Amino acid sequence: MADPASEGTGTTMFSPYKMSKFNLSHRVVLAPMTRCRALNGIPNSALAEYYAQRSTPGGFLITEGTMISPSAAGFPHVPGIFREEHVEAWKKVVDAVHAKGAIIFCQLWHVGRASHQVYQPGECAPISSTCNPISKRWRILMPDATHAIYPKPRALETSEILEVVEDYRRAAVNSIRAGFDGVEIHGAHGYLIDQFLKDGINDRKDEYGGSYTNRCRFLMQVVQAIAGSIGADRLGVRISPAIDHLDAMDSDPLSLGLAVIERLNILQKNLGSKLTYLHVTQPRYTAYGQTESGRHGSEEEEAQFMKTVRTAYQGTLVVSGGFTRELGMQAVAQGDADLVSYGRLFIANPDLVSRFKVHAPLNRYIRKTFYTQDPVVGYTDYPFLSSTSGRPESHSRL
């Protein structure tokens, strides 16, 4: 019997897909998720096991946010890709994924003002587009597992911005040297690039503030620099114009999203090559399942937002944000997305693709172990369907 969610194009999440030069066997993507298991910033055997567990032949994985420079961190024990020891350590992780026949991109990350002096070289202020801090209703996770308020950042001088662009470019080159199939630029969720894109944050008076052209300039410089070094066909971009995570609000999210997309389309045309994909977080997502301001559009408004994005972007579209199996199947079947990325469901279900295929019940994730440093508990110890004789263990959601 046909899956009801596959009606429409006849395409399902288990249909193959040609993504740039990569042949995918299905459309269920591992979303990038911070897990805090890379002790002292160095990927280790636990990361290799974690990503290998979630690898399938022809599957596509995106790593957790990976630091592009010493100033990029805002969580404890997140991996880097800016030193030679990072490159060498990541090779073992990539090899484990490739041994399973999967494709893996490294997500390039700079948190900007979403940091604290404790994570910064010389305990300096974090950098941003602005000098305004994230509001006190948000808290940052500290190395000792306590929480603190976000400090006042330092706005980058105009002359410094191209230095950060170079950090992204160098990190992309290092990623390819480590064996990654490509990279994703993290331009979403209130981190550094998003701090330039959103007019609720960016209060600059130079050529990086004000108009859409100016606010998009930093992102486009990063895209151009990386595409020029490793090729556009190894490059994805993630944006979240409608998400207000970490105070990342914009007065007109749809117009901002379309402004970014317009510039990406022009760049692709000028390069003569499309990006690997555009990854967009849809409006219903935040870390807690709703927008932090409590602002909710209707399902119709959210659907229209994503349909407009789908129509505008000339290339592969990956969507994320609160998708269930059914919603993912629906998005692909209706042509609203090419691929769907899953985060929390993939944390608790290393064999998520197999479970989705047979409509198996899912393990429930344990929120309190998301950001611990234990190399096993809450990380690689979630059971596979085969280990539970078809009756997966149910974890309580905390």
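Tutor: A polar contact is a pair of N or O atoms within 3.5 Å; within protein, one must be able to donate a hydrogen and the other to accept it, and residues adjacent in sequence count only if both atoms are side-chain atoms. The model is predicted, with local features needing pLDDT of at least 70 and side-chain atom pairs pLDDT 80 or more, while totals for chains, interfaces and linings use all residues. Numbering runs from 1 along each chain as its sequence is written, and side-chain values use heavy atoms, without hydrogens and water.

Student: With which side chain does the side chain of Arg355 make a polar contact?

Tutor: Arg355 sits in helix 10, residues 352–357 (a DSSP run of H or I, at least four residues; strands are E, at least two; both numbered from the N terminus). At 3.3 Å, its side-chain partner is Asn349.

Student: Is Arg355 buried or exposed?

Tutor: Buried means under 20% relative accessible area, exposed over 50%, partly exposed in between (1.4 Å probe, protein chains only). Because its relative accessibility is 0%, Arg355 is buried.

Student: In the protein chain, where is confidence highest?

Tutor: The chain averages a pLDDT (the predictor's confidence in each residue, from 0 to 100) of 92, and 91% of the residues score at least 70. Helix 7, residues 299–312, has the lowest mean, 88. The highest value, 99, belongs to strand 5, residues 103–109.

Student: How many contacts beyond four places in sequence does the model have for residues 389–398?

Tutor: A contact means heavy atoms within 4.5 Å. Where pLDDT is low, predicted coordinates should not be read in detail. Residues 389–398 also stay under 50, and their count beyond four places is 22.
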